[in-house]
Amino acid sequence: MDNRAVESIALTVRTLTMDATSKAGSGHPGMPMGVAELGAVLYGEVLNLNPGVPDWVNRDRAVLSAGHECLLLFSLLHLAGFDISLEDIKNFRQLGSKAAGHPEYGLPQGLETTTGPLGQGFANAVGMAIAESMLAARFNTADHKIIDHYTYAISGDGCMMEGVTSEAASLAGHLGLGKLIVFYDANRITIEGSTDLAFSEDVAGRFEAYGWHVQKGDAYDAQGILRMVDRAKSASGAPSLIMLSSIIAKGSPNMEGSHEAHGAPLGDAEIRLAKKAMGVDEETAFYIHPAAVAHFEERRRSWEKAHAQWQKTFEQWSRANPDLYRLWQSYFSPPDLSTVQFPGFEVGDSVATRSAGGKVLNAIARAVPNLIGGSADLAPSNKTYLDGMGDIGPGSFDGRNFHFGVREHAMGAIANGLALHGGLMPFCATFFVFSDYMRPPMRLAAMMELPVIYVFTHDSIYVGEDGPTHQPVEQLAAIRSIPGMVLLRPADAQETLEAWKMAIAGGEGPTALVLSRQNLEVFEKQDGWRESLRKGAYVAQDSEGEPKVVVIATGSEVSLALQAAKVVADPGVRVVSMISRELYERQPEQFKAGLVPPSTKRLVVEAGVAYGWDGLAGLNGAIHSIQGFGESGPYKDVAAYFGFTPENIAEKIKNLLR
Ligand SMILES: Cc1ncc(C[n+]2csc(CCOP(=O)(O)OP(=O)(O)O)c2C)c(N)n1
C-alpha cells in the first residue's frame with residue numbers, strides 16, 4: 001500500500017470525524033484523528049474480509065476496543081463498502097443512524113462487537129482468537145485450511161488501565177494466541193489530562209511478562225506499521241502488542257496533544273484551520289478524498305478474489321472430508337437435542353440442582369459437539385466439567401473444557417467473543433455471588449442478544465458456612481434487572497433438566513442458570529408442567545377450587561413452600577413454581593391470571609432480597625425474603641435464622657388465609 005493511498009484515507013477519516021462530531025455537537029474526535037493512518041493501513045491493506053459477504057466465517061476480525069473512537073470505524077466501514085452510508089455518518093449520534101454514539105453490534109455489518117465500556121473489546125478479541133484456534137484445530141486438514149484468520153483489536157490508554165484487559169491478556173499469553181494482534185494507541189492522554197496523572201507503569205514490560213510479543217513504533221509511519229504486522233504474524237507462538245506513539249487530534253493545529261480534543265467537537269474555527277492545513281476546502285463538509293474511494297474500489301476486487309478462492313478451498317475440503325463437513329454443518333446449525341440421552345430423575349430423588357445440572361450438561365454436550373465452556377477455577381463445585389472431552393490449553397485447542405483461571409470478568413467477555421465469532425456455543429460458570437464480577441460482559445451479551453449460558457451455583461444463603469461474602473442475596477434481583485437476560489432458578493433436578501433445554505434452545509440472548517449447592521427433593525408434578533414451565537411458571541400443587549392463597553416460590557423455596565402447604569393443610573392453598581419471573585411476565589394476561597388469579601392473596605417466598613417482587617405480591621400480599629446480608633453457619637441453621645422453615649412459612653400462609 002503506497003503512502004498516497006494511506007494519506008487519502010487518513011485525511012478522509014479526519015475530515016469525516018471533525019464534521020460528524022461538529023454536526024452532532026458531541027462525540028470524540030481526538031482518537032480517530034490520532035490513529036487515522038493505522039485505520040487506513042488496517043482496512044486498506046491488512047484485513048482480509050469481504051463487504052459483499054459480511055458474515056464470511058473466515059474473515060479477519062477487527063475489534064475497536066476503544067469504542068469512543070467509533071468514527072474511525074464508521075469512516076472505514078463506509079469507505080470499505082459496508083452498509084453504512086455517508087448519510088448515516090452525517091447523522092452521527094442521531095436516532096436511527098447506523099453511526100451510533102458508540103459501535104453497536106449489528107449496526108452496521110462489518111462491526112464485530114458492541115464496544116464503549118473500555119477493555120471489553122480487548123477481551124472479546126481474545127475470545128474470537130480462541131474460537132479461531134478451536135475451529136482450526138477441529139476442521140483444518142493437512143491439505144486444506146478453511147479456518148485461518150487473524151483477530152485484531154485497537155485499544156487505547158483507557159483499555160490498558162482496565163482490569164478486564166489484564167485478565168484477558170494474561171490468559172491470551174498463557175494460551176499463546178499467535179493470531180491475536182492488538183494495537184495500542186499510546187497517545188498518553190485520557191479525559192482528565194495526561195496519563196502521568198495515574199498511569200506510569202511499563203506497559204510493554206507488563207505484556208512481555210504475560211508472554212506477549214511486543215513492538216513499539218510510530219503511528220504515522222504506515223510502512224513501519226505494515227512491517228510490524230508482518231513481524232507480529234511471524235511470532236506465531238504468542239499474541240502481539242503493537243504500541244504506537246501517537247498524538248491525539250493529529251492534524252488540528254491548536255488541539256493536537258490536548259485532552260480537550262478527547263471528547264468534544266473541535267469548534268468551527270479550529271475545523272477550518274485544520275482543513276486548511278490539510279489542503280481541504282474549508283467550505284466543504286464531509287469531504288471524501290477521491291483517491292481513498294479509488295483505493296477501496298480496487299481493494300474490493302482483491303477481497304472478492306480472496307473470498308472466491310476460499311470458497312473453492314472450502315468446496316474441495318467438503319468433498320474430500322464428508323464426515324468433517326457434516327460436523328461443520330452441525331456447528332453452524334441450531335443445536336439438535338433429539339439424540340440426547342438425558343439422565344432420569346425420579347420423584348423422591350434428593351439431588352442438588354448443581355449436580356443435576358452437571359449430569360444434564362454432560363449429556364447434552366455428548367450430542368452437541370460445539371457446546372464448549374468452563375469455569376473460573378470452580379468446575380468441581382459448579383459441576384461443569386465435560387468428562388472425557390479434553391481441555392483447552394497452550395497449543396491444544398481441540399478440547400472443550402476451558403480453564404479460565406480466577407478471572408470472572410475476562411471469562412464473561414471471552415465468552416462473548418466466542419459467541420460473536422460463530423460456530424461455538426459457549427457456557428461459563430462460577431459461584432452466583434461472583435456474577436457481580438462479570439456483570440459488565442453479561443450486560444453486553446444481553447444487549448447484543450448473544451446466546452451465552454451462565455451456570456451460577458451456590459445460589460443463596462443455603463451456601464452456609466462460607467458466610468455472607470459467599471451468600472448471594474441481591475444477585476437474583478441484579479441479574480433479573482438486565483433487559484433481555486433470562487434467569488432460570490429451577491426447583492429440583494427435573495426442572496433443571498428442562499432449564500438446560502430452555503437455555504440451549506434460547507438462541508436469542510443469554511441465559512443464567514441459578515443452581516443450588518444443597519440437595520433438593522424431586523417433587524411430583526402434574527401433566528402439562530413442562531409446557532407451562534417454558535412460559536416461566538406452573539402450578540406445583542393446586543388448591544381445590546379457586547385458591548384462597550397462592551404461594552409463589554422459586555428454586556429451593558418451592559419444596560419449602562410445598563412442605564409449608566402440608567403443614568397448613570388448607571385446600572385453598574396453591575403453590576406456583578416460578579422458574580423465571582421475566583418469562584412469566586412476558587406472557588398474556590390470561591396465562592398469568594390462570595396461575596395467579598388477580599384478586600387472590602399471594603405469598604412470595606425467595607431466599608434473596610424482595611426487590612422486584614412487589615408487583616406480584618400485590619397490595620394485600622406478603623413477601624418472605626432476606627433483607628440484608630446472610631450469616632455464617634451451617635446452612636440449615638442459617639435458613640432457620642432467616643425464617644426459611646416450613647413452620648414459619650406456614651404461619652405466613654395462615655396469616656393470609658385469616
Ligand atoms: C469502563 C469504562 N470506564 C470509563 C469510560 C469513560 N471513558 C471513555 S474514554 C475514557 C478515556 C480513555 O482514554 P484513552 O483510551 O486514552 O482514549 P483517548 O483519550 O486517547 O481518546 C474514559 C474514561 C468508559 N468508556 N468505559
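A polar contact, as I use it here, is a pair of N or O atoms within 3.5 Å; within protein, one must be able to donate a hydrogen and the other to accept it, and residues adjacent in sequence count only if both atoms are side-chain atoms.

**Ground rules.** I am working from a predicted model, where local features need pLDDT of at least 70, side-chain atom pairs count only at pLDDT 80 or more, and totals for chains, interfaces and linings use all residues. Residues are numbered from 1 along each chain as its sequence is written, and side-chain values use heavy atoms, with hydrogens and water left out.

I looked up Leu118 and found a backbone N or O atom 3.1 Å from a nitrogen atom of the ligand. Gly158 has a polar backbone atom 2.8 Å from a ligand oxygen. For His68, a polar side-chain atom lies 2.8 Å from an oxygen atom of the ligand.

**Ligand shell.** I find 15 residues around the ligand (a heavy atom within 4 Å). Gly116, Gly158, Asn187, Ile189 and His262 come nearest. Helix H7 (157–161) and strand S4 (189–190) each give at least two shell residues; these are DSSP runs numbered from the N terminus, helices being H or I of at least four residues and strands E of at least two.

Buried means under 20% relative accessible area, with a 1.4 Å probe and protein chains only. This core has 78 residues, and Ile130, Trp212, Leu241 and Tyr454 touch the most other members. Helix H6 (residues 120–139) supplies its largest share, twelve residues.

Definitions and conventions. A nonpolar core is a set of buried Ala, Val, Leu, Ile, Met, Phe, Trp, Tyr and Cys residues joined through side-chain atoms within 4.5 Å. Buried means under 20% relative accessible area, exposed over 50%, partly exposed in between (1.4 Å probe, protein chains only).
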